Amino acid sequence: MTLTEKILARAAGKSHVTAGENIWVQADVLMTHDVCGPGTIGVFKREFGPQAKVWDRERVVIIPDHYIFTADSKSNRNVDILRDFVREQDLPYFYDVIDDPAGSWKFDPSKGLLQRQYGSNYAGVCHTALPQKGHTRPGEILFGTDSHTCMAGAFNQFATGIGNTDAGFVLGAGRLLIKVPETMHFRVEGRLQPGVMAKDVILHVIGEIGFDGATYRALQFDGPGVASLSMDDRMTIANMAIEAGGKNAIFEFDARTAEYVEARTRLNGTKSTYEPVLADRDQKFLYELVVNLDQLEPTVACHPDPGQRKKAKELGHIQLDRAYLGSCTGGKTSDFVEFARVLRGRHVKIDTFGVPATPEIVGELQRTRWGNRTIWQILVEAGVQMTENAGCSACLGGPVDTFGRMNTPMKCISATNRNFPGRMGHKESQVFLASPATVAASALAGCITDPREYLN
Ligand code: SF4
């Protein structure tokens, strides 16, 4: 069996499963957020009754992160609906925007968009927060009401996005009927070269198979090259499996995985026991591709979908209006470090926005010094508009007052993960997906630029 099949078989209580089979699997964790949480709760109450209790309060994780820093009252209300449900169900894992459990969330635009407006429990973007807060464990099943839930596949976990109806059912029953996906195999070899990042790996892969090339399939990444990829790198790659239509992505378990998970579960006091899945000899793959990291170059997915792959060095004719660094896939500490490495001592030519994925990342960037400057200061001095309000922000557009949202037609280079028309705001805007290094170089030049031009 493939890694995905092995996890699903275990969760179904079976010794063996095959692709295409429909099976009931036990959920280990269900995650929901402010956009889908209220709908999920509605389905749960309608189907299980107004007095029903969730199947296991320790396994439900609720992370408001999407439409948070906006004066839009309906968006603010969604966070309050989550808080009411958490109080009713006595759920331990709720990463609220405010500290008062009886309070109500209201964003204050008069304080501006840059200054922190959240309390001490807020965790930021759900997919980045889940591992940081110790909720991702090898060998487990994670369902989330968000398509980029697949990011947790970096941790040798079966993680996939589900809709509100399925999530409402999982809330009550703790299990779900799913079809075992076929597996596509990506054997990773070599090492990333300077100026090339994990984002280039996944943009390359999606360019190879097309933005619907993995529809309802598992993407398995293994091979000798994986050892050189950090957990952040693996998260970046797994995150975008859905941009090729994938059901999930999964990486092999190794010492790096164990180190990360053990540190995070210890730090947060979450469940620390787990059982990874290891590769069988007799795996059957639908498709195989060798990804040689040595040969990859800075890559861009052009408007209007993530499969429109080109090399950054071929796109110098595309003039840009805006650059954006942020999101679950592109707003991690390591993303900002590579961004700053290119920008240090220089100044951007176009409007450039930086949105860390989580408050923890804000803290790391504000504490880490390069010489007499923090990374945060280096970015601000380079002209980047850095907000402390970690969250999804303009990655998915959001209400019109969202930080970094494109409210007029423009061209933006972005380290986010999705570029269908309208994704970051205005329907006539164009989004070019690229690595943090390529976003930085392009922000300096005002046109799409290979970051190797700025590295020596
Ligand atoms: S940062 Fe973007 S892709 Fe990630 S969860 Fe938020 S909206 Fe979705």
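Let's start with where the ligand sits: domain 1 (3-177) and domain 3 (300-453) both contribute residues to the shell around the ligand, so it lies between them. Those domain bounds come from an automatic or database domain assignment. Please keep in mind that this is a predicted model, where local features need pLDDT of at least 70, side-chain atom pairs count only at pLDDT 80 or more, and totals for chains, interfaces and linings use all residues. Residues are numbered from 1 along each chain as its sequence is written.

So who is in that shell? The ligand is surrounded by 13 residues, and the closest are Ser 327, Cys 328, Cys 392, Cys 395 and Leu 396. Near here means a C-beta atom, placed from the backbone, within 6 Å. Helix 4 (126-132) and helix 9 (327-330) each supply at least two residues of the shell.

Stepping back, the chain has 13 helices and 20 strands; these are DSSP runs, helices being H or I with at least four residues and strands E with at least two, numbered from the N terminus. Along its principal axes, the C-alpha trace spans about 55 × 55 × 40 Å. Of the 456 residues, 57% count as buried, that is, with 20 or more other C-beta atoms (placed from the backbone) within 10 Å of their own.

One last stop, helix 11 (residues 359-367). Which of its residues are buried? They are Pro 359, Ile 361, Val 362 and Leu 365. These residues cover an arc of only 155 degrees around the axis, which puts them on the same side of helix 11; the arc is that of the directions from the helix axis to the C-beta atoms.

Note on methods:
Buried ≥ 20, exposed ≤ 12 C-beta atoms within 10 Å, placed from the backbone.
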